[in-house]
Every structure is written in structure tokens, then in C-alpha cells.
Amino acid sequence: MAVVYEGSPISSDRLSRGLVEVPCELWLAHSEVAPGSCILAEEVSFPGAEDNTTMPTFAAIDIGSNSCRLKIARVVAHQLKTVAEDREVTRLGASVFESGLVSPDAMATTLRALKRFQRAVQTHGVDQIRVVATAALRDARNGLAFQAWVKAETGWSMEIISGLEEARLIHLGVTTTEPGVGGRVLLMDLGGGSCEITLSEQKRIKETISVPLGAVRLTEQFLSADPAPEDGLARMRQFIARELRRAHRKIQPGKVPLVIATSGTAAALAAASLASQTAGKLAGQKPGKPAKKRVSKTVSRLAATATITPTKDVRKLANKLAKLSLPEREAVPGIGPRRAEIIVAGTQVYAELLESFGLAGFRYSLLGLSDGILAQMLAEQDARAKVHSEFEHERWQSVLATARRYGVDPRESEPVRAHAVQLFKELKAVHQLPPEFESWLAAAAILRDTGKFINHQGHHRHTQYIVSSSEIYGYTQLQRTMVSAIARYLGKSRPQPGDRALRNIPAEEHKNVQRAVVLLRLAVALNQDRASDVLRVAVKTYPKRIYLEIEPGRTGAELEIWSLRKEAAYFREVFGRDLFGTLA
């Protein structure tokens with residue numbers, strides 16, 4: 001059993017060994033874990049581990065506009081093995097797309113689902129969890145209030161991600177596990193509030209866009225009656241066509257050999273198409289078999305056999321479903337009762353999307369956003385996992401692209417990055433920063449001058465704003481905030497607890513940010529207006545002092561020695577050691 005305290009799960013084994021202090025009332029409150037609705041799996045241990053400890057366990061929670069999903073996976077031989085899944089239809093976005101606010105009822109329903117998920121998280125002793133929310137809370141004016149409520153009730157920090165980050169995570173989840181996606185692929189994910197379209201090549205994103213064509217959103221905005229009114233359908237089709245024209249300007253896939261669709265609407269369409277093709281077989285099933293189980297088995301079979309759902313079948317379904325009432329739609333094999341409420345809008349989007357891009361059909365995949373979240377956690381934690389190198393490459397390319405977007409040539413920033421990473425590695429015993437700070441420090445070194453795009457005067461302050469607000473793939477909002485804070489303090493100012501740059505960073509991380517700032521300042525000091533003559537530096541560490549021995553270049557190193565001398569006082573203040581810059 002595990003207890004979740006201040007957002008982190010704590011196993012009973014750690015509690016019994018006295019490795020963490022937890023208030024008695026919290027332990028008593030969780031001494032009996034209520035049974036969750038997830039399927040439990042056998043515990044799996046590290047192969048060859050000396051102490052028989054179990055592999056790390058990750059959990060991903062996707063708070064969508066239509067439903068909430070939980071997926072728990074354990075790392076086995078540097079790969080993810082799913083041990084539990086759960087899903088609850090909450091319709092969080094229904095009121096948002098009508099009034100701009102999440103209704104109290106939708107909040108309460110979603111929170112009940114999250115508490116059930118929390119019991120499953122505790123049961124499985126999850127080591128790391130990430131909770132993300134998508135379109136509904138991106139649009140909701142009271143999204144931050146719900147975010148605070150989730151934090152108060154569960155201890156989890158709910159992250160509201162952008163449409164592009166949502167698309168990137170879906171892409172990561174699909175390309176990490178789905179077979180046959182190594183070539184040119186078009187990915188489509190139609191959720192409750194938005195639709196993400198991504199062109200992928202060699203498992204890397206070429207182009208991606210998020211458009212407001214979610215099934216719940218369109219149903220609330222255009223289909224107020226049942227069956228769907230003709231005028232509402234006409235207005236909805238016009239809106240879909242307008243948004244798809246915007247998508248066409250961004251994405252031109254041409255002839256793609258593979259189209260993959262994810263999420264519930266795609267599953268329902270694929271199942272309904274297969275059901276219509278095999279009507280005889282489905283009709284011959286025993287009467288006592290529940291329709292929900294038939295749909296579930298059909299969907300699993302579709303994913304396992306890589307069945308293609310033709311565009312012409314999607315168009316036929318779109319035309320058919322638009323004329324049916326809710327009870328009639330519920331009776332259509334493959335649709336299911338809850339999906340029937342929003343399937344008309346979802347089907348219209350898929351039909352228009354497939355036809356407008358000239359696609360022959362799609363292959364349904366069970367993978368999605370939660371799989372991408374889990375894959376990223378694995379990539380960040382396990383350098384031996386296959387997904388690690390791909391993820392790091394994608395994340396670094398996004399850093400370089402952001403630098404170029406704001407007029408910074410990454411080649412000019414490279415010497416500073418190299419020195420910052422060298423100092424991080426060779427001064428580990430001094431700074432004692434967590435390993436993840438190395439990549440954040442490197443990103444800050446490349447992006448430190450982006451603020452000049454706005455104005456040279458006060459550009460460090462502008463850099464902090466640009467980095468924290470930019471879409472940098474692979475970095476969470478908190479991670480971007482950390483990078484922006486490290487890049488912020490390269491002028492006269494120093495990090496102070498009440499600073500705007502530190503406001504959204506946990507207080508326990510402020511000291512780490514300060515130490516990273518010192519390292520970056522030293523790296524900048526070692527590169528004073530050098531076009532090509534990069535200095536070599538040797539780091540020598542002693543109990544009370546640090547020596548940076550510089551091998552002079554063609555133009556000497558006097559300016560760098562002088563710059564290091566200026567940084568010595570701040571270095572002593574932070575690390576308690578004297579800093580000396582000397583010539584080798």
C-alpha cells in the first residue's frame with residue numbers, strides 16, 4: 001500500500017523503515033485502501049536486482065473534455081508494462097463550450113473520478129504521477145479554481161497543457177509502441193474539445209496543429225436538438241470546413257502510406273464499420289452477451305489486426321447517424337450508449353477531415369495521450385530506454401528552433417552551453433544539483449539572449465518572459481519556468497524569494513535555481529565576445545577554493561580572467577568557497 005502525501009505517493013515499506021515522516025492522521029486515514037475499479041496485475045521485480053526491489057511505477061491521468069483516463073505502468077527491462085487502466089465519462093467540457101465556465105456538477109463528477117483513480121495509484125505504489133488537463137480547462141475561465149480544488153483534495157498538481165503539447169504527447173505515445181509507424185504517417189486525435197493533426201516522418205514531428213473540433217464542443221455549440229437539426233448541421237459543417245482550411249495551410253501530407261486515428265470517436269467509427277461488414281457474425285452471437293462487451297472485443301480486435309476503416313464507410317455512417325435519434329444511435333453496433341450522445345459531431349469531423357485531405361481511410365490505435373505521458377516519464381528517468389534518445393533529440397531540437405525563432409544563432413551560444421555543461425559535470429560535488437538540471441542549464445545557455453528580440457535594454461527580463469511563455473516541446477510548464485529563471489539572472493540582479501521569475505517555482509527549488517544561475521554566469525564569463533577562439537578550461541576543486549585554469553587563445557584570456565574575478569564574490573556567497581581564474 002502507498003499513501004499520497006503532498007502530491008507524492010509514499011509506499012508503506014518506506015514508512016515502516018522510517019525513511020519519511022508523515023502526519024499520523026494521514027497514515028490512519030489511509031490505513032485501509034478502498035478497492036478501485038482497475039484491473040490489478042502481478043508485481044514485477046527488477047531482473048537481477050540485488051535487493052529484490054520492484055521497478056519504478058508511473059501513472060498518467062488525462063483529464064479530457066469528455067472523459068478522464070488513468071493508466072498505470074511499471075518499467076520492466078527498460079520498457080513500460082501496463083498494470084492498470086480506468087476511465088470515466090465526466091463531460092467536463094459540456095458547460096465550458098456553452099458558457100465558458102466549468103459547472104460545479106462537472107467539477108464534482110470529475111473530482112470523484114480522480115479520487116477513485118487516487119485509490120488505484122495508492123494500491124500500486126506509484127513512484128511518479130503526472131496529471132494533465134486539455135481543451136476544456138484551456139478554455140474555462142474558472143480553470144485555475146478547479147486546478148486549486150484538485151490540488152486541495154488529492155495533493156496532485158494538475159497541469160493544463162496546450163493543444164500543441166497535447167499533439168506532441170499523443171505522437172510520442174503512438175510512435176513509441178505502435179508497429180509500422182517508422183515512415184510517413186498522419187496522426188489524428190479527436191477528443192471532446194479539440195482535434196490534433198500531426199504529420200510524422202521517421203517518428204519525428206514534421207508539422208502539427210490543434211483545431212477546436214472536439215465532439216463535445218461541436219455538439220454543445222451546434223446540435224441543441226435530437227435528432228440533429230438541419231440548420232445546426234449546416235452551420236457545424238461550415239465551421240468544420242473553416243477550421244480544416246486552417247489545418248491545410250499548416251499540414252500538406254500529400255500521399256501518406258499510413259493514417260492513424262486515436263481516441264473514443266475513432267474507436268466507435270472503426271467498430272461500427274467492422275460491425276456493418278460482419279453483421280451476420282455479430283447477429284449470430286448469443287442473446288445474453290452484453291453489447292458493451294461486444295464493442296470492447298471489437299475495438300481490441302481492430303487494434304490487434306490493424307484493420308483499415310475506409311473513408312467511404314465513415315461518410316456513410318456520418319450521413320446515417322445524423323438522421324437518427326439518440327435511442328436509435330445507441331442501438332447501432334459499435335457505438336455504445338455514452339458515445340452516442342456526441343457521435344454525430346465526431347463522425348462529421350472525421351468524414352470531412354478524411355475527404356478534404358484525400359485519405360483512403362484510417363487505422364485505429366488504442367494508444368493516446370496517457371501513453372505519451374508515460375513514455376516521457378520513462379525517457380526522463382531511464383537513459384537505457386529506447387524512447388530516451390528520441391525524446392532528448394526532439395526536446396533539444398525544439399530548444400534550438402525556439403532560439404532561432406527569436407533571432408539567436410545556436411552556433412554562437414554553443415560555447416557557453418559547452419562550458420556550462422562542463423562546469424555542471426566537474427563541480428557536481430560542489431553544487432549537488434539534481435541530474436535534470438544539466439539539460440535545463442544547457443537550454444538556458446542557448447536561450448539566454450532571446451529577450452533581445454523584444455529589446456536589448458532589460459533583455460534578461462524579456463528572456464524570462466519569452467522562455468516561460470514559449471511552446472518548447474518536451475518541457476512541462478514548471479520545467480520551462482525553471483529554465484527561464486536560470487536564464488533571467490545574468491545581469492546585475494540576483495534571485496530573490498519574492499521575484500516574479502520565482503513565483504511559480506516551489507520554494508524548495510529556489511536554492512537549486514540559484515546554484516544553476518551561478519554556473520551559467522561562469523560559463524558566460526568564460527566567453528567574452530569570442531567569435532571562434534573558444535577557450536579550454538580545466539577545473540580543479542579543493543576543500544575551500546575552486547580554480548578554473550584557462551588555456552589562453554590567440555587573443556589571450558585577460559577579459560575572461562577579469563570576468564571570473566567579478567563573479568568570485570557571488571560564487572563564495574552561494575557555495576562557500578573561493579573562486580580563482582588563472583592561466584594554465
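1. E165 is buried, at 4% relative accessibility; buried means under 20% relative accessible area, exposed over 50%, and partly exposed in between, with a 1.4 Å probe and protein chains only. E165 forms a salt bridge with R168, and their closest N and O atoms are 3.0 Å apart. A salt bridge here is a side-chain nitrogen of Lys or Arg within 4 Å of a carboxyl oxygen of Asp or Glu. R168 is buried too, with a relative accessible area of 0%. Because E165 and R168 are three residues apart in helix α7 (residues 163–177), about one helical turn separates them. Helices (H or I, at least four residues) and strands (E, at least two) are DSSP runs, numbered from the N terminus.

2. This is a predicted model, in which local features need pLDDT of at least 70 and side-chain atom pairs count only at pLDDT 80 or more, while totals for chains, interfaces and linings use all residues. Residues are numbered from 1 along each chain as its sequence is written, and side-chain values use heavy atoms, with hydrogens and water left out.

3. The pLDDT, which is the predictor's confidence in each residue from 0 to 100, averages 86 for the protein, and 85% of the residues score at least 70. Over residues 1–53 the pLDDT stays under 50, and the model has 87 contacts for this stretch beyond four places in sequence. Contact means heavy atoms within 4.5 Å. Residues 287–293 also have a pLDDT below 50, with two contacts beyond near neighbours in sequence.

4. What network does E165 belong to? Salt bridges link R130, E159, E165, R168 and E394 in a network. The count of salt bridges comes to 32. Side chains of opposite charge can pair when their charged atoms come close.

5. Another salt bridge joins the side chains of R91 and E341, at 2.5 Å from N to O. This pair links distant parts of the chain, 250 residues apart: R91 is in the loop between β5 (79–89) and α3 (96–99), and E341 is in the loop between α14 and α15. R91 is buried, at 13% relative accessible area, whereas E341 is partly exposed, at 31%. R448 and D449 form a salt bridge as well, with the closest N and O atoms 3.9 Å apart; R448 is buried at 11% relative accessibility.

6. Five strands form an open sheet with mixed pairing, in the order β5-β4-β3-β6-β7. Two strands pair if DSSP finds at least two bridges between them. The edge strands, β5 and β7 (158–160), each pair on one side only. Strand β6 (residues 128–133) pairs with β7 in the parallel sense over three bridges, and V132 stands opposite E159 in β7.

7. Helix α4 (residues 104–123) lies across β3 (57–63), β4 (67–76), β5 and β6, and runs at about 15° to β4. For such angles, axes are lines fitted to C-alpha atoms, for helices over the stretch in contact, and the angles run from 0 to 180 degrees between N-to-C directions.

8. Is helix α10 mostly covered or mostly uncovered? Twelve of its 14 residues are buried, including G264, L269 and L274. Helix α10 (residues 264–277) reaches 20 Å from its first C-alpha to its last, close to the 20 Å expected at 1.5 Å a residue; the expected span is 1.5 Å times one less than the number of residues.

9. The buried residues of helix α13 (residues 311–321) include V314, R315 and L317. The buried residues of α13 pack against α10, among other elements including β12 (308–310) and α15 (343–356).
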